[in-house]
Amino acid sequence: MKICMIGTGYVGLVSGVCFSDLGNDVICVDRDLKKVDNLKKGIIPIYEPGLDELVLKNYKNKSLKFSTNLKDSILKSDIIFICVGTPTKKNGNGADLSQIFNVAKEIRASITKFKIIITKSTVPVTTGDEIEKIISQKVPKKLFSVVSNPEFLREGEAIRDFTYPDRVVIGTNDKRANKILKNLYSPLISKGAKYVNTSRRAAELIKYASNAFLATKITFINELANLCEKINVNIEDISIGMGLDKRIGGRFLRAGPAYGGSCFPKDTKAIVSTADKYQTDLSVIKSVIKSNENRSTLLLKRIFDLLKGKIKNKKICFLGVTFKANTDDMRDSSSLSMIPTLSKKGAMVNYFDPTGEKEEFKNLKNVNFSKDINNAIRDMDLIVIHTEWNDFKSINFKKNVNNKKFIVFDMRNIYSITKMRELKIKYFGVGH
Ligand SMILES: NC(=O)c1ccc[n+]([C@@H]2O[C@H](COP(=O)([O-])OP(=O)(O)OC[C@H]3O[C@@H](n4cnc5c(N)ncnc54)[C@H](O)[C@@H]3O)[C@@H](O)[C@H]2O)c1
């Protein structure tokens, strides 16, 4: 099939390359000239395991192309996926849909034969109706069908998630579009993915409901971790004991820092904003947002307590600064509030991240990037494990830290408390 992905970011690039790998002709379009230029040279704009090889393979065999020419790419394609950003509005909690509607206007200028236009971006319920309205102002309805196909991939596991999804959700009442899309996804369905055909509005809401539920699960276990810290119970035991119940499930049930990334924070706010519009109180999700916003302050307080309130000139190292492992995505990472606060209070912060130095910290006082883990931790008073990269799972602290009184604060509980005690390391985690 001839496919055009509009927006070549985490979602557009990953799903575009995966569709091409399944034997389709895919053009990935972006308005960012440098990004497209780099992609044509084989330079991949994001860190995502396995992505480089797959892009190079499919670009070489010409099933994957890159372009900045939206008009031409739409003319050449039958299926158009909209994968542009839907960030939180500058003034408010709702999703800013300006990129979506701009694209809809550009698409309508290039429809000469039947096309399926699909939102893969996360968009509030009724956005598909709006897109249909915009396009139908210039194009007869029989020439296009607007479908919702939310994307559920996780950064860091994106290729696997795209290739082996639990489900493919297609929101449309149009039989013709449904048949074509079922066919497009048939290689994934034959590997076990459930195909869910539902109304367009339901598909839009399924995405927000899923993200809000996962955010709730994380927040739930984070709050229980706070209780565990007071009653000498290990939250890891609670996660295991609860997670083995199939009705609950163990995933997204690990205590840690505030949830972050480009989806949960903005999507929880957007679903509440949608509900407000329809005078519905999503009180559970509202309290999840509030609790998550407090989480970084709470963990900062623990850092202050561990250093007995004396932050000035203390040497603190952050291992991992992205919102989770196996991604370079810094959007809404809890390190973005913690590191600047520590810098303001006079701490000397070193950080190491396997995806390299971050623009966000370049202008902060006494915040430095270290190129390797051992250099990063060498003279530290406090080592904070912020992200659960495999690189941080077997560090020889005793050998590599010079300061004999160093403390490890493991926000991901990746080390065994017993082993750390045997090694006589001052080790603290969350929820125990
Ligand atoms: N990142 C994720 O893990 C993830 C997972 C599921 C769903 N989503 C959703 O998918 C959408 C995209 O997210 P992302 O993380 O890939 O965003 P992103 O910011 O990485 O990529 C968006 C791309 O769209 C491009 N773009 C914007 N307007 C354009 C236009 N008019 N023409 C061509 N290109 C244009 C931008 O230049 C950018 O490269 C969002 O709605 C997000 O909520 C993201």
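Okay, let's start at the beginning of helix α8, where a side-chain oxygen of Asp174 comes to within 2.9 Å of the backbone nitrogen of Arg176. I'll call that sort of thing a polar contact: a pair of N or O atoms within 3.5 Å, where, within protein, one must be able to donate a hydrogen and the other to accept it, and residues adjacent in sequence count only if both atoms are side-chain atoms.

Quick housekeeping. This is a predicted model, so local features need pLDDT of at least 70 and side-chain atom pairs count only at pLDDT 80 or more, while totals for chains, interfaces and linings use all residues. Residues are numbered from 1 along each chain as its sequence is written, and side-chain values use heavy atoms, with hydrogens and water left out. Helices (H or I, at least four residues) and strands (E, at least two) are DSSP runs, numbered from the N terminus.

Back to α8, residues 175-184. Which of its residues are buried? Ala177, Asn178, Leu181 and Leu184 are, where buried means under 20% relative accessible area, exposed over 50% and partly exposed in between, with a 1.4 Å probe and protein chains only. Looking down the axis of α8, those buried residues fall within an arc of 120°, so they line one face of the helix; the arc is taken from the directions from the helix axis to the C-beta atoms. As background, an α-helix has 3.6 residues a turn, so residues three or four places apart point the same way. On the other side of α8, Lys175 and Lys179 are exposed.

Now the ligand. There are 26 residues around it, and Asp30, Lys35, Thr86, Glu155 and Lys266 come nearest; a residue is in that group if one of its heavy atoms lies within 4 Å. By class, this shell has eight nonpolar, nine polar and nine charged residues. Here Ala, Val, Leu, Ile, Met, Phe, Trp, Tyr, Cys and Pro count as nonpolar, Asp, Glu, Lys and Arg as charged, and the others, Gly among them, as polar.

Which contacts can we point at? In the side chain of Thr86, an N or O atom is 2.6 Å from an oxygen atom of the ligand. For Arg331, the distance from a side-chain N or O atom to a ligand oxygen is 3.0 Å. The protein covers 90% of the 830 Å² of accessible area that the ligand has on its own, by the Shrake-Rupley method with a 1.4 Å probe. Helices α1 (10-21) and α5 (98-108) are the elements giving two or more residues to the shell, and α5 has the largest share, three residues.

On to the rings. The whole structure has 13 aromatic pairs, meaning rings of Phe, Tyr and Trp (its six-membered ring) with centres within 6.5 Å; planes under 30 degrees apart are stacked, over 60 edge-to-face, and the rest tilted. Phe19 and Phe81 are stacked, 5.1 Å centre to centre with 25° between the planes. Phe19 sits in α1 and Phe81 in strand β4 (residues 79-82), so this pair ties together parts 62 residues apart in sequence. Both Phe19 and Phe81 are buried. Ring pairs also link them with Phe162 and Tyr185 into a cluster.

Last stop: His386, in the loop between β12 (382-385) and α16 (397-400). Is it buried or exposed? His386 is buried, with a relative accessible area of 0%. Its side chain makes polar contacts with the side chains of Ser334, at 2.8 Å, and Thr387, at 3.1 Å.
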